[in-house]
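Here is a short report for a reader new to this structure. Look over the chain first, then read on.

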Amino acid sequence: MGIYDFVVKDMFNEDVDMKDYMGKVLLIVNTATGCGFTPQYEGLENLYREYKDSGFEILDFPCNQFGNQAPGSDEEIRSFCTAKYDVSFKQFKKIEVNGDNEEPLYTYLKSQQKGMLGSKIKWNFTKFLVDRNGDVVARFSPTDKPEKIKKHIEKLL
């Protein structure tokens, strides 16, 4: 089983086959619109705009599991992100990243890169970096700002 074996739902409830991202460098992030880390959307968008033409994609998975900080509908989350941060990268349906109902893609990501709490996601804005071969090469904590990840992305591109 690898990252390209998963199908996830986008914000419009449409299936997205992870195979669509073969050959790309991915940054996969669980986000929230009412979190202290929410301003990281600006840094994520800056990274996306700088590297999207070089084969870089950001996959945004809103999650309401941490402090009820993403309570809105998928449409409300999308509206907030585009209005406040001009987000243009791909956003997906709100998911759970820990527990019995966690998104299978996240089960896989966590199995590939453990964090300070083992495989469990600690909080919003945990980031996974995936290389062009589909290998999960790094995991970054919520406190790791997108600007810090830039050099890691550049190495993979």
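## Basis of the report

A residue is buried under 20% relative accessible area, exposed over 50%, and partly exposed in between, with a 1.4 Å probe and protein chains only. By that rule, buried residues make up 50% of the 157 residues in the chain.

This is a predicted model: local features need pLDDT of at least 70, side-chain atom pairs count only at pLDDT 80 or more, and totals for chains, interfaces and linings use all residues. Residues are numbered from 1 along each chain as its sequence is written, and side-chain values use heavy atoms, with hydrogens and water left out.

## Overall fold

The chain has four helices and seven strands. Helices (H or I, at least four residues) and strands (E, at least two) are DSSP runs, numbered from the N terminus. Their order along the sequence is β-β-β-α-β-α-β-α-β-β-α.

Along the principal axes, the C-alpha atoms fill a box of roughly 35 × 35 × 30 Å.

Contact means heavy atoms within 4.5 Å. Of the contacts between residues at least 6 apart in sequence, 68% join residues at least 24 apart.

## Helix α3

Helix α3 spans residues 104–112. Its buried residues are L105, Y106, Y108, L109 and K110. They pack against β1 (7–9), β3 (25–31), β4 (56–62), β6 (127–130) and β7 (136–140).

## Aromatic rings

The structure holds eleven aromatic pairs. Rings of Phe, Tyr and Trp (its six-membered ring) pair if their centres lie within 6.5 Å; planes under 30 degrees apart count as stacked, over 60 as edge-to-face and the rest as tilted. The centres of the F80 and Y85 rings are 6.0 Å apart and their planes lie at 65 degrees, so this pair is edge-to-face.

F80 is partly exposed, at 27% relative accessible area. Y85 is buried, at 14%.

## Around S119

Where is S119 found? S119 sits in the loop between α3 and β6. Its relative accessibility is 31%, so S119 counts as partly exposed.

Beyond its neighbours within four places in sequence, S119 is in contact with K110, K114 and R139. S88 lies 31 residues away along the chain, and the C-alpha atoms of S119 and S88 are separated by 29 Å.
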